[in-house]
Amino acid sequence: MKTIIEPFKIKSVEPIRFTTQKERTRILKEAYYNPFLIRAEDVLIDLLTDSGTAAMSAKQWAGMMEGDESYAGARSFFRFEAAVKKITGMKFIIPTHQGRAAEKIIFTLIGGKGKYIPNNTHFDTTRANVEFSGAEAVDFPTEEGKQPEVIAPFKGDMDIPALENFIKKTGAKNIPACFITVTNNSGGGQPVSMKNIRDTKTLLRKYNIPLFLDACRFAENAFFIKKRERGYADKSPLQIAQEMFSYADGVTMSAKKDAIVNMGGFLALNDDTLATNARNLLIITEGFPTYGGLSGRDLEAIAQGLEEVLDEHYLTYRLRSVEYLGNKLTDAGVPILQPPGGHAIYIDAKNFLPHIPPNQYPGQAIVAELYQAGGIRSVEIGSVMFGKYGKDGKLISPPMELVRLAIPRRVYTQSHIDYVSEVVIEVFQRRNTLKGYKITYEAPQLRHFTAHFKMM
Ligand code: F0G
């Protein structure tokens, strides 16, 4: 087979700024070893997130000029609404400025004290929005989903027996909705199988609990189903996505991922009353229901992006470019969460730095060193992001300590990725010299964004 190439050519370029190692040592120290606090222009290759960092196509940019900026009933809204309906089949499409705004609205309506929201794995903002409403966020990843080195096709799946036990114990009336996140971001960008979505829905139907999809990366998930699940090889990504959404009663989506735009999101619902209440909240917090928190031009770009993301050449290139980085690291012995996910490679920090315990944040040590060594920005997904304190003040760590190298869509070429792998491998070879960190400042919620660190 020939090399899988980028299914586009480059029309507009953006220079990246080179820094010296000495400069980076200073910059990192000034940022308290937290890459969120580094200026983007001081970063050479930015793998902090795949969210809102995509390169838009010529057609999306052209759509920006077509944007109808009318306050009410804009043409761009109807194009956006049609694009979302075609894929999700939902009755009510409510635009929001990004994913967490949709989450805030839905959890304000259905959350609250005494309520529980199950998910295969909540992402940080989703968990925070559930908890902010007073409800409790509970994760049900499968056993294999918690083991970084196990190779399995659908490690993003929901643990359905565990979910059923939980429903029996908690009582269905205390569970206003159950979510499935596709792909499972905090669990390694791993896909969820169609069977798992279908079986989860069957279980929830029995208890009359609605199923929501957190659908940020639905197209990547659909393409994994096409490649890995029996019966889907001959279906188009659109058909597969449509079937995934057919099991859902609602959708939250950050368009900053699989709509290939820099800003946007939506909440999609089938229930009339819930949709009316959501729109009323939307008007208070985001804007009129035909624009939400967005400009007409943003709605145009989303509509176009949703079409482009389901193109098979695009998805082949997308999954392959992530796998390419994963294979290079694996060949050099770097422990990563296997198999490579859809939007990112996750370094297994526990195995990378076995001499640094979770309460000294091994993931953060790798993140700091990748910046220092090569100007690469990545993010810790482990005890910094999800750590909690017990009653005794001791850190309770999540099951995995990961470092995410998220690949922005259509932004970096193969040589950028080659460079990234060279830096990671170089750091891996001198891993014994890395030290742990301690936190010197933290906010009460989502502490990873603003925390300060000190090297031990
Ligand atoms: N759900 C998932 C699974 C996400 O990955 C994100 C964002 C959101 C919801 C919230 O969307 O940012 O538009 O408000 N994830 C980004 C990331 C930030 O880096 O993975 P948002």
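Mentor: On the α3 side you've got Ser 76, Phe 77, Arg 79, Phe 80, Ala 83, Val 84 and Ile 87, and they meet Gly 296, Leu 299, Glu 300, Ile 302, Ala 303, Gln 304 and Leu 306 of α11. Sort that contact by residue type and you get nine nonpolar, three polar and two charged. Keep in mind that this is a predicted model. As for the geometry, α3 covers residues 75-88 and α11 covers residues 296-308, and the two pack at about 30° with their axes 8 Å apart. Angles under 35 degrees count as roughly parallel, so that's what we call α3 and α11. Their crossing is left-handed.

Now set another pair beside it: α7 (residues 194-207) and α9 (residues 237-246), whose axes come within 9 Å and cross at roughly 20°. That angle makes α7 and α9 roughly parallel as well, and their crossing is left-handed. Here Met 194, Ile 197 and Arg 198 of α7 touch Ile 240, Glu 243 and Met 244 of α9. By type, that contact has four nonpolar residues, no polar ones and two charged.

Arg 100 puts a polar side-chain atom 2.7 Å from a ligand oxygen. On the nitrogen side, Asp 214 has a polar side-chain atom 2.7 Å from a ligand nitrogen, and a side-chain N or O atom of Lys 257 sits 2.9 Å from a nitrogen atom of the ligand.

Methods:
Residues numbered from 1 in each chain as written. Predicted model: local features only at pLDDT ≥ 70, side-chain atom pairs only at ≥ 80, totals over all residues. Heavy atoms only, no water. Axes fitted to C-alpha atoms, helices over the stretch in contact; angles between N-to-C directions. Helix = DSSP H or I, 4+ residues; strand = E, 2+ residues; numbered from the N terminus. Parallel < 35°, antiparallel > 145°, perpendicular 65-115°, else oblique. Left-handed = near helix turned anticlockwise from the far one by under 90°. Contact = heavy atoms within 4.5 Å. Nonpolar A, V, L, I, M, F, W, Y, C, P; charged D, E, K, R; others polar. Polar contact = N/O pair within 3.5 Å; in protein donor to acceptor, adjacent residues only side chain to side chain.
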